[in-house]
Amino acid sequence: MTTDELTQLLVQQPIAVLHRLARGRVHRHFRAGKRRLIELLLQHSSQNLAGLESDLQALIGERQTRAQNHRVAVAGLRV
């Protein structure tokens with residue numbers, strides 16, 4: 001994945017996901033807005049973009065699993 005593709009994927013994510021990615025990578029990340037946080041993540045991960053991409057994919061998968069489990073639970077309540 002290129003840096004531009006990774007940037008676009010980061011832009012599509014909610015700020016909470018970006019903050020989870022920033023933990024351990026970016027000092028005082030809660031003071032940064034979304035665009036600045038993306039810049040900081042890319043800057044601090046410039047030597048290991050594959051690691052950032054892998055962590056982002058894992059968080060996206062986790063969010064999708066959580067959302068799917070929530071839908072199943074809500075559907076179970078309606079029955």
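The following paragraphs describe the fold of a predicted model of one protein chain and the surroundings of selected residues. Residues are numbered from 1 along each chain as its sequence is written. Because the model is predicted, local features need pLDDT of at least 70 and side-chain atom pairs count only at pLDDT 80 or more, while totals for chains, interfaces and linings use all residues, and side-chain values use heavy atoms, with hydrogens and water left out.

The protein chain contains 4 helices and 0 strands, so that its elements read α-α-α-α from the N terminus on, where helices (H or I, at least four residues) and strands (E, at least two) are DSSP runs numbered from the N terminus. The radius of gyration of the protein chain is 15 Å, whereas a compact globule of 79 residues would have a value near 12 Å; the radius is taken over C-alpha atoms, and the globule rule is 2.2 Å times the number of residues to the power 0.38. Along the principal axes, the C-alpha atoms fill a box of roughly 50 × 30 × 20 Å. Of the contacts with a separation of 6 or more, 53% are between residues 24 or more positions apart, contact meaning heavy atoms within 4.5 Å.

Of the 79 residues, 29% are buried, a term that denotes under 20% relative accessible area, with exposed denoting over 50% and partly exposed the range in between (1.4 Å probe, protein chains only). The accessible surface of the protein chain comes to about 5700 Å², and 51% of this belongs to carbon and sulfur atoms; such areas come from the Shrake-Rupley method with a 1.4 Å probe, and for residues only the protein chains shown count as cover. The chain carries 12 positive and 6 negative charges, whose mean positions are 13 Å apart. In this count Lys and Arg are positive and Asp and Glu negative, with His and the chain ends not counted, and each charge is placed at NZ of Lys, CZ of Arg, CG of Asp or CD of Glu.

Helix H3 contributes the buried residues Leu37, Ile38, Leu40, Leu41 and Leu42, and these pack against helix H1 (3–12), H2 and H4. Leu40, within H3, counts as buried because its relative accessibility is 12%. Apart from neighbours within four places in sequence, Leu40 is in contact with Val26 and Ala32; the C-alpha atoms of Leu40 and Val26 are separated by 6.8 Å, although the two residues are 14 residues apart along the chain. In helix H2 (residues 15–22) lies His19, which is buried because its relative accessible area is 11%. With neighbours within four places in sequence again set aside, His19 is in contact with His29, Phe30, Ala32 and Leu37.

Two loop residues were also examined. Arg28, in the loop between H2 and H3, is exposed because its relative accessible area is 52%. Arg28 has a positive phi of about 55° although it is not a glycine; most residues other than glycine have a negative phi. Asn48 occupies the loop between helix H3 (34–44) and helix H4 (49–78) and counts as partly exposed because its relative accessibility is 47%. The side chain of Asn48 reaches the backbone nitrogen of Gly51 at 3.0 Å. From C-alpha to C-alpha, Asn48 and Asn69 are 32 Å apart in space and 21 residues apart in sequence.

Key: Polar contact = N/O pair within 3.5 Å; in protein donor to acceptor, adjacent residues only side chain to side chain.
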